[in-house]
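Colleague: Morning! Could you put the model up and walk me through it?

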Amino acid sequence: MIKIKVEFLGGLDVISGKVREHRLSLPLEEGEATMKDVIDHITKTIIEHEKDIPVFIEEGTVRPGILVLINDTDWELEDKEDYVVESGDVFTFTQCDQGGEAEENDEEAEENDEEAEENDEILFNEMVVLEEFEEQRFADSLRRANG
C-alpha cells in the first residue's frame, strides 16, 4: 500500500463533497503506481457523482485549466501521468480557470459594458434635452415677469 495525500483547491473541492484534503492508500506497491493510477483512483473513490468526472478529466487525463502539483512541483516537470508514486507524496489539484463558464461570463460582462455605455449616452442626451427645456422655461418665465 502507498499512502498519499490529495488536495483540491480553487473550488475544485466541489467534486469531492467540498472536502479539500484526502488521505488515500493506493492498493499498489511502491514503484508500481504512477500518476495515472492516482488519477484513476480519484475518479473511482473520491469524485462523488459521475457527472463531475468531466470537471476533472478530459480525454483520459486531468483537463486543461487544472494546475497539478506533485510535492509542490508542477507535474509537467515530473513526467505528468508517468510519474512514479512514492509513499508520502502530496498531489494538489487547483482549478485555475472556470472553463466555458468563465468565457461566457466575460462575454456577458462585455455585453453589459456595451449596454451601460449605450444607456449612459441615452441618459446624457436626455439630460441635454431636459437642460434645454429648463432653460426655455426659465426664459419664458422671465419674459412673463418682465411683461
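Colleague: Before we go on, what should I know about the source and the numbering?

Modeller: This is a predicted model, where local features need pLDDT of at least 70 and side-chain atom pairs count only at pLDDT 80 or more, while totals for chains, interfaces and linings use all residues. Residues are numbered from 1 along each chain as its sequence is written, and side-chain values use heavy atoms, with hydrogens and water left out.

Colleague: Thanks. Which residues touch the most other members of the largest nonpolar core?

Modeller: Those are M35, F56, F91 and F93, in a core of 26 residues. Two or more core residues come from each of β1 (2-9), β2 (21-26), α1 (35-45), β5 (66-70) and β7 (90-95). A nonpolar core is a set of buried Ala, Val, Leu, Ile, Met, Phe, Trp, Tyr and Cys residues joined through side-chain atoms within 4.5 Å. Buried means under 20% relative accessible area, exposed over 50%, and partly exposed in between, with a 1.4 Å probe and protein chains only. Helices (H or I, at least four residues) and strands (E, at least two) are DSSP runs, numbered from the N terminus.

Colleague: And aromatics? How many pairs are there?

Modeller: The structure holds four aromatic pairs. Rings of Phe, Tyr and Trp (its six-membered ring) pair if their centres lie within 6.5 Å; planes under 30 degrees apart count as stacked, over 60 as edge-to-face and the rest as tilted. F8 and F56 have ring centres 6.0 Å apart and planes at 80 degrees, so that pair is edge-to-face. It links F8 in strand β1 with F56 in helix α2, 48 residues apart.

Colleague: Are F8 and F56 buried or exposed?

Modeller: Both are buried. Ring pairs also join F8, F56 and F93 into a cluster.

Colleague: Last one: where is D52?

Modeller: D52 sits in the loop between α1 and α2 (53-56). D52 is buried, at 11% relative accessible area.
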